[in-house]
Amino acid sequence: MYFALDQQQRDFAASIDAALGTSDLPGAVRAWSAGDVAPGRKVWEQLANLGVTALAVPEKFDGIDAHPVDLVVALERLGYWCVPGPVTESIAVAPVLLADDGRSAGLASGELIATVSLPPQVPYAVDADTAALVLVVNGSDVSAAEAGECHQSVDPSRRLYEVAATGALWHADIQRAYEFGALATAAQLVGAAEAMLDAAVDYAKQRTQFGRVIGSYQAIKHKLADVHIAIELARPLVYGAALSLQPRDVSAAKVATGEAAMLAARSSLQTHGAIGFTQEHDLSLLLLRVQALRSAWGTPETHRRRVLEALS
């Protein structure tokens, strides 16, 4: 039996690529890291115009109420382009926590960007200083919150904040919210891995050594082929998890995408050589993003434990 994205889903992914490909995403990420969120906000406006911010929002709040597979399609492309901001939290998780809340309409329109802290796996809220809505989970309940102390992330474009509840509690499907968070992060890791592979392939066609482009050497070909295989093995797990939303499947996808992305990071850095270490090179943005997302919404150890527990 053969499963594949339909034409509408492929067109949706292509429309995201077309929009973000004309934006200066590296510049927006660097500006976001420096505290200037204006360029990044313009990117989010583009996402709203494409319907990305409305994907998980119920129709009664002017959302699309799309299938999780459609959400994965979009978030993979956002990972590819290294979109700054609380992508997982605002686009995938907040709509679950605000399922019956009128503020969901703001998420759908893109006027409201939200972030989430879901202890113990997600102790800090990303970009709580700039998000219009901060949510914190306490057991099976949720409340609004305010930002506290800031903690440094390996990715400077992801500021991590302690948060404290400030409003009334309401009940939400916390388990579903967590699965959406882990799944959305896994999808972004696939996209980031693909972006690094593409960058490495392009560079291997240009860089010469001993009078030959390095892409002509079998060792380089094999290294990049290994990355391609890892990505293509991880991607079906993400889409399978989007169909089932079972903890075991989501965790398997998160582990596999994290490993594929780390392999892509190492191989791309080795292909680029010393230039890949520099902050001026755009590869550095993806390298740092992958390091951060690999442990976001559950560390590899956490997700391996969930798979083991489900199988035992």
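These legends walk through several close-up views of a predicted model.

Residues are numbered from 1 along each chain as its sequence is written, and side-chain values use heavy atoms, leaving out hydrogens and water. Local features need pLDDT of at least 70 and side-chain atom pairs count only at pLDDT 80 or more, whereas totals for chains, interfaces and linings use all residues.

**View 1. The largest nonpolar core and its neighbour.** The largest nonpolar core holds 89 residues, and Val52, Leu75, Leu78, Val83 and Leu97 have the most contacts inside it. Helix α7 (residues 174-204) supplies the largest share of this core, 18 residues. Apart from it lies another core, of seven residues, including Ala125, Val136, Tyr161 and Val163. A nonpolar core here is a set of buried Ala, Val, Leu, Ile, Met, Phe, Trp, Tyr and Cys residues joined through side-chain atoms within 4.5 Å. Buried means under 20% relative accessible area, exposed over 50%, and partly exposed in between (1.4 Å probe, protein chains only). Helices (H or I, at least four residues) and strands (E, at least two) are DSSP runs, numbered from the N terminus.

**View 2. Around Val52.** Start at Val52 and look for residues beyond its neighbours within four places in sequence: Val52 is in contact with Phe12, Ile16, Leu47, Ala74, Leu78 and Ile91. Contact means heavy atoms within 4.5 Å.

**View 3. Helix α1 against helix α3.** The axes of α1 (residues 7-21) and α3 (residues 38-50) come within 11 Å and cross at roughly 155 degrees. That makes α1 roughly antiparallel to α3 (angles under 35 degrees count as roughly parallel, over 145 as roughly antiparallel, 65 to 115 as roughly perpendicular and the rest as oblique). Axes are lines fitted to C-alpha atoms, for helices over the stretch in contact, with angles from 0 to 180 degrees between N-to-C directions. The crossing of α1 and α3 is right-handed; a crossing is right-handed if the near helix is turned clockwise from the far one by less than a right angle, and left-handed if anticlockwise. From α1, Phe12, Ser15, Ile16, Ala19 and Leu20 meet Val43, Gln46, Leu47 and Leu50 of α3. The residues of this contact are seven nonpolar, two polar and no charged. Ala, Val, Leu, Ile, Met, Phe, Trp, Tyr, Cys and Pro count as nonpolar, Asp, Glu, Lys and Arg as charged, and the others, Gly among them, as polar.

**View 4. Helix α4 against helix α8.** Here the axes of α4 (residues 68-80) and α8 (residues 218-244) come within 8 Å, crossing at roughly 145 degrees. The crossing of α4 and α8 is right-handed. Pro68, Val69, Val72, Val73 and Glu76 of α4 make the contact with Arg235, Val238, Tyr239, Ala242 and Leu243 of α8. Those residues divide into eight nonpolar, no polar and two charged.

**View 5. Tyr80 in helix α4.** Tyr80 lies in α4 and, at 17% relative accessibility, counts as buried. Leaving aside its neighbours within four places in sequence, Tyr80 is in contact with Gly191, Ala192, Glu194, Ala195, Asp198 and Leu286. From Tyr80 to Tyr239 there are 159 residues in sequence and 16 Å in space, C-alpha to C-alpha.

View 6. In the loop between β1 (114-117) and β2 (125-126) you will find Pro120, and the peptide bond from Pro119 to Pro120 is cis, with omega near 5 degrees. Asp65, in the loop between α3 and α4, has a positive phi near 50 degrees and is partly exposed, with a relative accessible area of 48%. Asp127 sits in the loop between β2 and β3 (133-138); its phi is positive too, near 55 degrees, but Asp127 counts as buried at 0% relative accessibility.
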